[in-house]
Amino acid sequence: MGQDALGAGGPLRVAVLDRDSGFLQVLTKRLERLGWEYRLIGSAVPSDTVVAMRLSAVVVDLAVIGPQGWSWLERLCAELPGLGVVVCTGQSTVAQRVRGLRLGADDWITKPCHPEEVIARVEAVVRRRRRSEGRLESTPVTAGEVEIRSDQFQAFVGGRSIDLTRREFELIELLASAEGRVLEREEIYQRVWGYAMARGDRSVDVFVRKLRQKLERASPEWRYIHTHFGIGYRFAAEPTEVAAAAPAGDARDPRLPDDEGLVPSP
C-alpha cells in the first residue's frame, strides 16, 4: 500500500529505533520501495530532536532505549500527541504490553515479526491519526433522525447519544461517508480494523448487526443499514415502510449462520 492510500497527508516520514541489522535490512528495502522517508536510529534521542524530524510515526525497540524505556516512551507520547508510536520489541509480558499502550503507544508488536506486518501496522496507525485530525474540522452528518458527530465520536437521535463503542462509531462513520455506495466487507475491515481480513472472519457482520440493533432501538421509524449479500453493506436512511418494500435481495440470507455466539475480533 502506497502513501496515496493513506490520504492526502503528504509522504510518510518514519524513524526506526532498532539495532537488529537483519530486520533493518529487510525493512528499509521495503520502505524504499514504498517511497517513504525514513531515518534509522540506534539509541534513544530526546523528544525535542524527534519534534525537529517532523515525523509521521516512530517504530521503537524499547531494548534500544534501555532502563529509561518507560519514561522515554511516556515523555515522547505526551510531548508529541500527534505522532504515531509503534513499539516493536522482544518477548514481553501482558503487563508490559498493557503498560506501554496506556503510556500512549498506538500499537505493540512482539519480535520476531515480519517487516511487512510492521509496515501494515504503521499504515493503520497513521490512517487513524489522519482520520482523527480530520474529525476536528468536520461538520455533523445527518441521516433520517440520526446525527453523526465525528468530533465527539458519537451519534445522536433527538439530542440523545446512541452510546456507540469506538469501533461501532468508526463503522457508522465509514458507512455514512460512502453516501449510499455499497461497501464490500473486505474494504470495511481494511479501513476500520486497519489490516486485511482473514478468511472466514465474521467481525464485520457481527459489528454491523450490533450497530443496526442500536440504531433500530434509538430510531425505530427508520432503517439505516442495508445488507447486500455476497457484497457488503450500504448506509441510507429510509422510513421503515419504504424499507419493508425493499427487494428480496436486501434481506437476510437463510444460508448464513446466525451471528449469536460469535466473538468479534478486537
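1. Trp 108 is buried in this predicted model, with a relative accessible area of 11%; the value falls in the buried class because the cut-off for that class is under 20%.

2. The structure holds four aromatic pairs. In one of them, the rings of Trp 70 and Trp 108 have their centres 6.3 Å apart and their planes at 25°, so this pair counts as stacked. Trp 70 belongs to helix H4 (residues 69-79) and Trp 108 to strand E5 (residues 107-110), so the pair ties together parts of the chain that are 38 residues apart in sequence.

3. Another stacked pair is formed by Tyr 189 and Trp 193, with 4.8 Å from centre to centre and 5° between the planes. Tyr 189 is buried, at a relative accessible area of 2%, and Trp 193 also counts as buried, at 3%. Ring pairs link these two residues and Phe 207 into a cluster, and Lys 210 lies over the face of Phe 207, at 5.6 Å from the ring centre.

4. A charge over a ring is also found at Phe 23, where the charged end of Lys 111 sits 5.0 Å from the ring centre.

5. In soluble globular proteins, nonpolar side chains tend to be buried together. Here the largest nonpolar core has 28 residues, and those with the most contacts inside it include Val 146, Ile 172, Leu 215 and Phe 235. Among the elements that each supply at least two residues of this core are strand E7 (146-149), helix H7 (166-177), helix H9 (203-218) and strand E12 (232-239), and H7 gives the most, with six residues.

6. Which residues is Ile 172 in contact with, leaving aside its neighbours within four places in sequence? They are Ile 148, Leu 164, Leu 211, Leu 215 and Phe 235. A second, separate core has 22 residues, including Ala 15, Val 50, Leu 73 and Val 85.

7. The structure holds one cavity of 30 Å³ or more, and the largest cavity has a volume of about 40 Å³. The lining of the largest cavity is made by Val 14, Val 16, Leu 27, Leu 31, Trp 36, Val 59, Val 118, Ile 119 and Val 122. Strand E1 (13-17), helix H1 (21-34) and helix H6 (115-135) are the elements that give two or more residues to this lining, and H6 gives the most, with three residues.

Conventions
Residues are numbered from 1 along each chain as its sequence is written. This is a predicted model: local features need pLDDT of at least 70, side-chain atom pairs count only at pLDDT 80 or more; totals for chains, interfaces and linings use all residues. Side-chain values use heavy atoms; hydrogens and water are left out. A nonpolar core is a set of buried Ala, Val, Leu, Ile, Met, Phe, Trp, Tyr and Cys residues joined through side-chain atoms within 4.5 Å. Buried means under 20% relative accessible area, exposed over 50%, partly exposed in between (1.4 Å probe, protein chains only). Helices (H or I, at least four residues) and strands (E, at least two) are DSSP runs, numbered from the N terminus. Contact means heavy atoms within 4.5 Å. Rings of Phe, Tyr and Trp (its six-membered ring) pair if their centres lie within 6.5 Å; planes under 30 degrees apart count as stacked, over 60 as edge-to-face and the rest as tilted. A charge sits over a ring if NZ of Lys or CZ of Arg is within 6 Å of the ring centre and within 35 degrees of the ring normal. On a 1 Å grid over the protein atoms alone, a cavity is a set of points where a 1.4 Å probe fits but cannot get out, and a pocket is an open set with protein on both sides within 12 Å along at least five of seven lines; lining residues have an atom within 4 Å of a point. Grid points are joined across faces, edges and corners, and a volume is the space filled by probe spheres set on the points.
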